[in-house]
Amino acid sequence: MADQNESTPAQEQAAAQDPAAQKNAQLLALLHRLFGADAFTDVEEPYGLLTATTTREQIHGIIEGLQKDEELQLNFLTTMCGMHWPEKKDQELGIVYHLHSLTQNIRLRLKIFFPIADPVAPTLTDLYSAANWMEREAFDFYGIIFPGHPNLMRILNVEDMDYHPMRKEYALEDGTREDKTDLFFGR
């Protein structure tokens, strides 16, 4: 019996016939041709969605190039959100960008990571109007600063709040509570 980590010829043939895998391979080849293979790391395809990591220094140029490219036309910023990974040294904060071409039906997810001590990322408000509110949300919840943003202020929390609630810096539950019995909560 073959090792479970090795692919069989039948699996390789099925992957070759998978239209989503073929489309992702073509998209990755185009990304490498446009921006260079060294611009992207950690390339994977979770759930058939091509995902790649790049740097915050390159992200604006890459997304601008993808938006203006005649072949791709990634002209829709589906979502952009912050992330906090406290265990990743010097890459505690990050942003995920989901781009979509409505005409070509191409989807792409790009990620960037940076240290929590330097929570700065380039604004995309000059490329996508929707980035305005998404960047305000990332600022509000994660403390990510977007230089050049037209109105970077809190969007959902009170303005005088001095912390960012989505960062994993606080315990999920109060360990001193005595009014709650774990018996009822399955713990």
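In which strand is Asp42 found? In this predicted model, Asp42 belongs to strand S1, which covers residues 41-44. The phi angle of Asp42 is near 50 degrees, a positive value in a residue other than glycine. Asp42 is exposed, because its relative accessible area of 56% is over the 50% cut-off. A positive phi also occurs at Asp90, where the angle is near 65 degrees. Asp90 sits in the loop between S3 and S4 and is partly exposed, with a relative accessibility of 45%.

The chain as a whole contains 4 helices and 5 strands. Their order along the sequence is α-α-β-β-α-β-β-β-α. The chain has 187 residues, of which 37% count as buried. Among contacts between residues at least 6 apart in sequence, 51% join residues at least 24 apart.

The largest nonpolar core is made up of 36 residues. Ile63, Leu66, Ile95, Tyr97, Leu110 and Ile144 are the residues with the most contacts inside this core. Two or more core residues come from each of helix H2 (19-35), helix H3 (56-68), strand S3 (76-84), strand S4 (93-101), strand S5 (106-114) and helix H4 (131-142).

The buried residues of H3 are Arg56, Ile59, His60, Ile62, Ile63, Leu66 and Gln67. An α-helix has 3.6 residues a turn, so residues three or four places apart point the same way. The cover over the buried residues of H3 includes H2, strand S2 (51-54), S4 and S5. For Ile63, leaving out residues up to four places away in sequence, the contacts are Tyr97, Leu99, Leu110, Leu124, Leu127 and Tyr128.

His84 lies in strand S3. This histidine is buried, because its relative accessibility of 5% is under the 20% cut-off. The side chain of His84 reaches the backbone nitrogen of Lys168 at 2.7 Å. Apart from residues up to four places away in sequence, His84 touches Glu92, Leu93, Ile116, Tyr142, Met166, Arg167, Lys168 and Glu169.

Pro147 is located in the segment after H4 and is partly exposed, with a relative accessible area of 48%. Pro147 and Thr123 are 24 residues apart along the chain, and their C-alpha atoms are separated by 6.4 Å. When neighbours within four places in sequence are set aside, Pro147 is in contact with Val120, Ala121 and Thr123.

A search of the whole structure finds 1 aromatic pair. The pair consists of Phe35 and Phe40, whose ring centres are 6.3 Å apart; the ring planes meet at 75 degrees, so the arrangement is edge-to-face. Phe35 is partly exposed at 23% relative accessibility, whereas Phe40 is buried, with a relative accessible area of 6%.

Key: Residues are numbered from 1 along each chain as its sequence is written. This is a predicted model: local features need pLDDT of at least 70, side-chain atom pairs count only at pLDDT 80 or more; totals for chains, interfaces and linings use all residues. Side-chain values use heavy atoms; hydrogens and water are left out. A nonpolar core is a set of buried Ala, Val, Leu, Ile, Met, Phe, Trp, Tyr and Cys residues joined through side-chain atoms within 4.5 Å. Buried means under 20% relative accessible area, exposed over 50%, partly exposed in between (1.4 Å probe, protein chains only). Contact means heavy atoms within 4.5 Å. A polar contact is a pair of N or O atoms within 3.5 Å; within protein, one must be able to donate a hydrogen and the other to accept it, and residues adjacent in sequence count only if both atoms are side-chain atoms. Rings of Phe, Tyr and Trp (its six-membered ring) pair if their centres lie within 6.5 Å; planes under 30 degrees apart count as stacked, over 60 as edge-to-face and the rest as tilted.
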